Amino acid sequence: MALITYLTTVKFGFGEIAGIEADLAGLGVKKPLIIADKGIVAAGIVATVQALSPALAAAPVFDGTPTNPTEEAVEAALVVYREHACDGLVAIGGGSPIDLAKGVALLATHPGPLETYAAILGGIPKVTSTVAPVIAVPTTSGTGSEVGRAALISLKDGRKLGFISPHLIPRLAICDPELTLGLPGWLTAATGMDAVTHCIETYLSPRENPPADAIALDGLKRAAAFIERAVKDGSDREARKEMMMAALQGGMTFQKGLGAVHALSHPLGGLKEVSLHHGTLNAVLLPAVLRFNEPEARTKYAEIRKTLGLAADADLAAWIAELVSRLGLPGNLTQMGVPRGVVAAISEAAVKDHSTASNPRPATAADYAAMLEASF
Ligand SMILES: [Zn+2]
């Protein structure tokens with residue numbers, strides 16, 4: 001039967017970040033390492049958060065998080081963590097810094113190499129409750145990683161693998177929409193489509209979990225209602241708040257597992273020849289995957305149409321493609337610069353990805369190749 005756990009502590013709302021000094025003390029963290037990336041530092045968000053807390057003002061900052069987190073970056077941050085004798089992490093940013101912080105929290109307390117803990121290599125039970133505490137401070141509305149039990153990290157050999165354990169869920173998520181007000185339109189759109197995809201894929205997952213289904217549909221409804229407003233006017237506080245809630249809700253349902261969109265976007269995100277944004281990839285792949293899955297999930301598709309206020313015979317895949325177009329995101333993999341030569345390798349990797357197991361319709365490498373071809 002279903003395994004249902006909810007989940008970790010979340011502080012949600014404008015101004016919540018102001019309490020971070022007390023939050024660190026509450027978790028017993030005296031010497032945090034801040035994990036961010038250069039964009040977040042340049043936007044002044046790290047400095048804003050540091051100004052709220054003497055412990056963070058004195059903390060080292062690792063800003064070397066790549067667009068897609070890598071084993072090399074985990075190891076580089078771990079050196080800083082050990083040099084400063086840190087006892088916890090504060091991840092400030094989108095999914096990449098949060099996932100990277102989870103990797104550091106893991107290797108700071110468990111013997112390497114990182115590969116030992118990869119979900120598809122049998123690593124899940126090897127992750128113990130000794131994982132260093134992480135506070136996640138999302139600055140985008142999409143990833144859901146702030147309440148997720150997974151970190152997606154590219155190993156040195158190029159495989160982008162999932163590291164999954166309840167012990168990797170951040171001990172506290174501080175979701176303050178104020179921190180997203182300056183997010184550029186394209187990133188608001190791309191990360192917002194990641195949240196949309198999380199809500200749809202977890203809802204369609206065949207694993208039984210009615211509370212998660214209800215949360216996923218509510219998140220989808222909010223995202224669909226507010227994503228265009230948030231993209232059009234970044235200072236729209238209501239839209240920013242609702243998108244942050246939709247992203248959180250998408251993350252709260254990860255325990256059902258994702259599906260074919262993520263099974264494809266994970267290996268695509270690990271490509272070395274081109275750097276591809278996770279949310280943008282999902283936006284581009286979602287229509288083809290929706291068409292593939294429909295025969296196995298007609299009842300749930302009807303529920304999604306109802307949630308979105310669409311006609312009973314509406315073409316859901318076309319509706320998503322039109323939304324992606326209105327948001328100004330790329331409409332296909334060609335526009336994203338994906339070389340066609342990768343189709344075979346990505347299809348094979350997608351079959352092995354942990355998200356394949358929870359896709360509503362079993363997918364072979366040939367199925368994945370067809371979904372990719374339809375997305376060029
Ligand atoms: Zn995602």
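**Exercise 1. Which residue in E3 is the bridge partner of Ile-34?**

Before we start, a word on the model: it is predicted, so local features need pLDDT of at least 70 and side-chain atom pairs count only at pLDDT 80 or more, while totals for chains, interfaces and linings use all residues. Residues are numbered from 1 along each chain as its sequence is written, and side-chain values use heavy atoms, leaving out hydrogens and water.

*Solution.* 
- Start with strand E2, residues 32–35, which pairs with E3 in the parallel sense over two bridges.
- Strands are DSSP runs of type E with at least two residues, and helices are H or I runs of at least four, both numbered from the N terminus.
- Two strands pair if DSSP finds at least two bridges between them.
- Now look up the partner: Ile-34 is bridged to Val-61 in E3.

**Exercise 2. Describe the chain as a whole.**

*Solution.* 
- List the elements: the chain has 16 helices and eight strands.
- Check the radius of gyration, taken over C-alpha atoms. A compact globule of 376 residues would have a value near 21 Å, and the chain agrees because it has 19 Å. The globule rule is 2.2 Å times the number of residues to the power 0.38.
- Finish with the span of the C-alpha trace along its principal axes, about 55 × 45 × 45 Å.
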